[in-house]
Amino acid sequence: MKVTFAHMGNLYITVKALLEDLGVEVVVPPMPSKRTLSIGSRHSPEFACLPLKVNIGNYIEALELGADTIAMAGGVGPCRFGLYGEVQREILKGLGYEFDMVIIDPPQGRLRRVLQQVGRLVGRNSVGRYLRAVRLAWAKMTAVDELEKLAQRVRPFESRRGEASAALERALRLVDEASSIAGVKGALEDGREALLDVKAPGGGAHSAPRIGVVGEVYVVLEPFVNFDVERRLGEMGVLVERSIYIGDWVREHVFKDLLRLRKGRRPYDLAKPYLCHFVGGHGIETVGHTVEYAHRRFDGVIQLAPFTCMPEIVAQDVLPSVSRDMGIPVMTLIFDEHSSDAGVLTRLEAFVDLVERSRSRRDAM
Amino acid sequence: MARKAYLGVDVGSVSTNLVLLSEEGEVIEKLYLRTRGEPIAVIQRGMRMLATAFSGVDVAGVGTTGSGRRLAAVILGADCVKNEITAHAVASARFVPEVRTVIEIGGQDSKIIILRDGMVLDFAMNTVCAAGTGSFLDQQAARLGVPIERFGELALTSKTPVRIAGRCAVFAESDMIHKQQMGHRIEDIVAGLCEALVRNYLSNVGKGKDIRPPVVFQGGVAANAGMRAAFEKALGTAVAVPEHYNVMGAIGAALLAMEEMECRNEPSRFRGLQALDMDYSASSFECRGCPNLCEVVNIKMGREVIARWGSRCGRWDCL
């Protein structure tokens with residue numbers, strides 16, 4: 001059995017570690033590329049949102065490399081994502097691929113059902129082995145998040161353009177290759193040093209504008225589909241913070257769900273004056289995090305969403321009032337396979353100009 | 001001593017505009033040229049046309065904007081490369097200091113810029129629709145055999161505009177043909193088309209934006225009196241068209257270059273007129289480094305590669 005799964009940013013490092021430690025052979029799909037997107041959109045319904053199209057591309061590229069089992073997350077609620085596992089299975093079957101698809105639904109407190117589904121993937125393992133695998137995967141996930149956050153903090157001050165991203169890439173490779181918790185710690189330490197080294201002498205002395213990135217989780221986490229907004233903004237001298245990191249997402253959606261813990265209320269409470277109804281996906285979080293960034297005196301917020309994403313459209317309609325009330329500029333970027341590099345770049349540049357000009361006006365006063 | 005001047009160049013898909021601005025912000029010379037898919041040639045031609053104007057001034061800074069801003073920057077040796085939204089906002093605030101809404105419709109792009117106290121507060125650019133308004137008007141004028149310069153006046157003579165289905169240019173055209181065949185008068189159809197394009201702009205680009213007077217309408221389409229009247233009707237307020245409405249992007253680029261040079265302690269990077277006689281060419285190749293298969297573009301001056309861009313990973317970006 002050779003298991004594969006779809007890409008979402010650097011999530012592959014964690015998932016690969018977890019599965020391999022449980023004795024499963026893993027085929028990581030090639031990193032999403034133009035080829036992935038064109039294969040995916042050719043075989044997907046036009047009005048499905050971008051995640052489905054890229055996932056299909058990932059699966060086909062992995063099946064070409066010999067994968068025979070696909071692991072996919074399920075979902076509940078008004079967002080179409082919950083349906084995608086089934087849709088993807090049918091599309092791929094229709095294309096004549098032979099494979100097994102394991103859809104892991106959100107636990108919602110039903111541990112046994114999840115274990116059954118996971119069991120289909122990894123077979124029988126001792127509890128000790130499960131614990132070891134989870135601990136290593138967890139360490140890797142935390143390391144990835146920490147390195148990404150550090151890269152965001154040093155990028156605006158790097159001495160040569162592109163240095164921070166190169167250092168981050170090297171560090172992530174070491175984390176991916178580490179086979180023990182000590183190894184992960186070492187990789188993290190080295191990566192941290194390398195990233196701090198890219199700061200130009202005196203860099204960080206001047207203050208950089210701060211922009212928060214909110215929106216639909218897949219488009220926020222996957223740099224290929226969002227045209228590398230995070231790196232682009234960083235290289236324009238902006239301190240970027242994302243509203244979501246993979247670790248947060250797993251904690252919220254897997255562990256708290258598994259243990260039936262109450263989920264973090266903060267974004268929901270903050271969003272309440274503007275949006276108090278569950279609209280699926282991360283619609284409420286998008287609004288809540290925008291309010292939070294305004295409270296933290298950020299200079300601007302950028303919302304990212306896939307074209308036709310219903311939860312984010314609801315949030316988009318609400319954001320102008322948040323922007324007006326809290327005095328924070330907000331811009332929405334919507335992506336699909338027709339999005340163009342030049343268009344995204346022009347809008348990012350214009351937004352950074354807007355933010356910087358209002359900052360210098362504020363400083364002058 | 002020659003007086004100082006700033007050069008602003010806006011290279012768009014349909015038009016390429018050059019403006020020479022005095023230190024006081026007065027337009028010394030302006031040019032509005034058709035790009036016709038040859039940005040390099042049109043920049044060279046425009047610069048030669050400005051040659052006499054250049055002889056009397058000392059170029060203290062060069063700014064470029066528009067979709068061809070990077071290309072123009074390399075060829076001219078620009079001091080400041082800015083996106084067209086910022087450039088349009090800066091120019092508009094200069095000519096109408098109290099402006100609170102800028103409607104900008106060019107050949108391909110449509111934008112709205114919301115300003116308060118001279119600062120950009122919000123903006124939007126056409127995304128999935130409302131693109132190509134200028135080109136579409138051009139095409140319809142040609143189809144109807146009306147010179148584009150007279151298209152707007154013709155719309156103004158209509159007393160009973162026809163409702164045109166304007167959601168999409170393709171459907172708008174077939175609806176126009178249908179209305180013609182029903183026997184509607186041409187001025188009523190033309191006026192209806194302007195109203196449809198304004199409706200489409202307001203619901204696609206202007207949606208959710210806080211549109212307040214004074215409203216400034218600029219870009220090539222602002223020449224069309226029918227479009228201006230349709231905006232006034234839809235918004236219920238006067239819409240001003242600035243004198244240099246079709247070269248505002250270039251003016252903005254020149255103003256931004258001026259701003260940049262004020263806080264920079266080095267001379268302009270302007271290559272001068274001699275550099276324009278060089279032979280510039282663009283060539284591209286497909287990078288096979290990864291499945292992205294990026295189209296990488298080389299800009300050459302003579303035989304030397306002076307700029308290169310297009311790769312997603314950045315491996316070709318530095319020379």
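Guide: Let us begin with Leu304(A), which, leaving aside residues up to four places away in sequence, touches Val213(A), Val214(A), Gly215(A), Glu216(A), Val219(A), Val220(A), Asn226(A), Val229(A), Glu312(A), Leu333(A) and Phe335(A). Please keep in mind that this is a predicted model.

Visitor: What makes Leu304(A) stand out in the largest nonpolar core?

Guide: The core has 48 residues, and Leu304(A), together with Ile302(A) and Leu333(A), touches the most other members. The largest share of this core, seven residues, is contributed by H15(A). A separate core of 35 residues also exists, including Ala172(B), Val198(B), Tyr201(B) and Val239(B). In soluble globular proteins, nonpolar side chains tend to be buried together.

Visitor: Why is Arg242(A) called buried?

Guide: Its relative accessibility is 5%, and the word buried applies under 20%, so Arg242(A) counts as buried.

Visitor: Where does Arg242(A) sit, and which residues does Arg242(A) touch?

Guide: Arg242(A) belongs to strand S6 of chain A, residues 239-242. Not counting residues up to four places away in sequence, Arg242(A) touches Glu148(A), Gln152(A), Val213(A), Val220(A), Leu221(A), Glu230(A) and Tyr293(A). As for Val213(A), 29 residues separate it from Arg242(A) along the chain, while their C-alpha atoms are 4.7 Å apart.

Visitor: How do you know how many cavities there are by this rule?

Guide: A cavity is a set of points where a 1.4 Å probe fits but cannot get out, and with a threshold of 30 Å³ or more the count comes to one cavity. The largest cavity has a volume of about 50 Å³, and its lining consists of Ala350(A), Asp353(A), Leu354(A), Arg357(A), Ile85(B), Thr86(B) and Val120(B). Helix H15 (341-364) of chain A and helix H4 (84-95) of chain B are the elements that give two or more residues to this lining, and H15(A) gives the most, with four residues.

Visitor: How do you know that chain B and chain A are in contact?

Guide: Contact means heavy atoms within 4.5 Å, and 25 residues of chain B are in contact with 21 residues of chain A. Between them the two chains bury about 2000 Å², 50% of it on carbon and sulfur atoms. On the chain B side, Met119(B), Phe123(B) and Arg312(B) lose the most area to chain A, together 32% of what that side buries.

Notes. Residues numbered from 1 in each chain as written. Chains lettered and ligands numbered in written order. Predicted model: local features only at pLDDT ≥ 70, side-chain atom pairs only at ≥ 80, totals over all residues. Heavy atoms only, no water. 1 Å grid on protein atoms, 1.4 Å probe; cavity = no way out; pocket = protein on both sides within 12 Å on 5 of 7 lines; lining within 4 Å. Points joined across faces, edges and corners; volume = space filled by probe spheres on them. Core = buried A, V, L, I, M, F, W, Y, C linked by side-chain atoms within 4.5 Å. Buried < 20%, exposed > 50% of the residue type's maximum accessible area, 1.4 Å probe, protein only. Buried area = accessible area lost by both parts, 1.4 Å probe.
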